[in-house]
Amino acid sequence: MSKIRRLIFGCLFVLLIITATEAQRVATQVSASTAPRVFLLDAGQLQTTKQRLRDGDKNLAQAWSKLEREAQKALSAGTFSVVSKAVTPPSGDKHDYMSQAPYFWPDPKSSNGLPYIRRDGERNPEINKITDHHTMDEMVSAVETLALAYYLKGNEDYAAKAAQLLRVWFFDPATRMNPNLQYAQFIPGINTGRGIGLIETRGLTQVVDAVGLLAASKSWTEADQHNLQEWFTKFLNWMQESKNGREEAAAKNNHGTYYAIQAASYALFLGKKDLAVSILEAVRQKRIASQIEPDGRQPLELVRTKAWSYSVGNLDGLMLLARLGENVGVDLWNYKTADGRSIRKALEYLVPFALGESKWPDQQIGEWQPQTLFPLMRIAAAHYQDQPYQALMSKIPKVDSSDRSLLLGPNMAESKLAQR
C-alpha cells in the first residue's frame, strides 16, 4: 500500500511541476503581451521594475518613495494650458503657443531697443513674461510622474489626474493648444516666430511615452487616445510642411537632432513605422557623419558660448535617437563612418574633461558642470559592454538611491538639458 501511495504522490508532484511550469509560461506570455507601448523608455526594464516593487525589493524603496511623493504633489496641482498666458499671439488666438527667443536683448544703440540683438548663452529674463514654455514643461513633468507612478503601482488616482492634464492641454476646446509652433521663439523687431522654436516641444516625446503607461487605465479612454493621436497627426504634419518646421529639419546642429527625435517619436506613436525608419536611417549621414569629427569633436556645438553644455546636449540627443532606433531595428549605437565618426567617439572625446583629466579648451560661460556627462557615460556602459567602459563606472559617482533613473533602468538618462 505504501508503494502505491508513493507512486500516487510522485505522480501528483510531477503534475504540480508541469502545472507550475505551464503557469509560468503563460504568465511570461501575458507579461510580454502587456508590455507598455513606449519608445524612449525601455518597456522590458519597466516590467522588471514593476515586478521588483511587487516583490518588495528594498533596493528600489527610496526611488519609489520619492516618485510617490512627487506623484502625490502632482495630484494636488492645478491644470496647465496655453490660454493662461497674459499676452496674445499675433494670430489673436491664445490657443497658439508663443515664446520669445532667450538669447536676444534690446539693442542699446536703438531708441526703442529694436531690433533685438543676439547675446549667445545669456538668457534675457524678459522671456519669462510669456509663460507657455514653462507651463508646458510643468505639464510634461506632472504627466510623466503620474503616469509612471500609475504604471508601477496601479493607483487609478494618478492615471485620472494625468488624463485630466492631457485633455486640458491637448483637446478640451476652451484650453487646448493648437498643433503648431508658428509663434515660438520670436525675436522682437525681427520676426514673429522661428523654426528654432521647435526645440521647445522636445518634452512632448515624454508625453508620448507617458500615454503608453496609461493604456491599461480606465481613466484613459479610447476616445482620449484617438483625440491625442489626431493632435499629434496634425502637429507632425505641421512639422513636415510648415516653413518653420522645414527650417528646423534642415538645421545641422542640435536643433536638427532634436527635430529628428520628435519626428521619429511621434511617427512611432502614430504607427507610421516607415516614416520613423526613414528618419532614423538618415541620422547616420545627416547627424552623426556631419556633426561629429573623426576625433569626436562636435564643431557646430563648440562654436557656442556654452560649448560644453551644447556638446553634451547634442550627444544626449544622438543617444536618444539611438534608443528610438532600437524600436525599429536601426542600429545607431554601433554605426561608424569609414573615418571613425560615431556616437561612441563623441562620448570618448568628452570623457577626459568630465573626469578632470584634461582642461576644457573651448568656451563655457557660467558654471562648469562636468557631471552632466555622467548619465550618458552610464548609458554607454550598458550598450558598450567592454572593459574600458566598465572601468569608467568606477570613476564617477554612483546614482543616488532615490534617483528616478533607478526605476527606469540603465538605459535612461536624467540629463534633460535645456538646449535652445
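Helices and strands here are DSSP runs, numbered from the N terminus, with at least four residues (H or I) for a helix and at least two (E) for a strand. The model is predicted. α2 (43-54), α4 (132-153), α6 (204-213) and α7 (222-241) each supply at least two residues of the lining of the second largest pocket.

The volume of this second largest pocket is about 510 Å³. Its lining comprises 23 residues, and those closest to the centre are T34, A35, P36, K50 and Y151. By class, the lining of the second largest pocket holds 11 nonpolar, 8 polar and 4 charged residues.

Helix packing was examined next. Two packed helices are described by the angle between their axes and the distance between the axes. One of the pocket-lining helices, α6, packs against helix α9 (residues 254-269). Their axes are 9 Å apart, at an angle of about 20 degrees. Angles under 35 degrees count as roughly parallel, so α6 is roughly parallel to α9. The crossing of these two helices is left-handed. On the α6 side, the contact is made by L204, T205, V208 and V211. On the α9 side, I261, Q262, S265, Y266 and F269 take part. The residues of this contact divide into 6 nonpolar and 3 polar, with no charged residues.

Helices α10 (residues 273-291) and α12 (residues 307-326) form another pair. Their axes come within 11 Å and cross at roughly 160 degrees. Angles over 145 degrees count as roughly antiparallel, and α10 and α12 are therefore roughly antiparallel to each other. The crossing of α10 and α12 is left-handed. From α10, the contact draws on L280, V283, R287, I288 and Q291. From α12, it draws on N314, L318, L321, L324 and G325. The contact of α10 with α12 has 6 nonpolar residues, 3 polar and 1 charged.

Helix α3 (residues 61-76) packs with helix α5 (residues 156-170) at an angle of about 50 degrees. The axes of α3 and α5 are 10 Å apart. This angle makes α3 oblique to α5. The crossing of α3 and α5 is left-handed. E68, A71, Q72, A74 and L75 are the α3 residues in the contact. They meet D157, Y158 and K161 in α5. Here the classes are 4 nonpolar, 1 polar and 3 charged.

Two local backbone features were also noted. Most residues other than glycine have a negative phi, and most peptide bonds are trans. A cis peptide bond joins L114 and P115, with omega at about -10 degrees. P115 lies in the loop between β2 (104-105) and β3 (117-118). Q185 is not a glycine, yet its phi is positive, at about 50 degrees. Q185 is located in strand β4 (residues 183-186).

Note on methods
Residues are numbered from 1 along each chain as its sequence is written. This is a predicted model: local features need pLDDT of at least 70, side-chain atom pairs count only at pLDDT 80 or more; totals for chains, interfaces and linings use all residues. Side-chain values use heavy atoms; hydrogens and water are left out. On a 1 Å grid over the protein atoms alone, a cavity is a set of points where a 1.4 Å probe fits but cannot get out, and a pocket is an open set with protein on both sides within 12 Å along at least five of seven lines; lining residues have an atom within 4 Å of a point. Grid points are joined across faces, edges and corners, and a volume is the space filled by probe spheres set on the points. Ala, Val, Leu, Ile, Met, Phe, Trp, Tyr, Cys and Pro count as nonpolar, Asp, Glu, Lys and Arg as charged, and the others, Gly among them, as polar. Axes are lines fitted to C-alpha atoms, for helices over the stretch in contact, and angles run from 0 to 180 degrees between N-to-C directions. Angles under 35 degrees count as roughly parallel, over 145 as roughly antiparallel, 65 to 115 as roughly perpendicular and the rest as oblique. A crossing is left-handed if the near helix is turned anticlockwise from the far one by less than a right angle, and right-handed if clockwise. Contact means heavy atoms within 4.5 Å.
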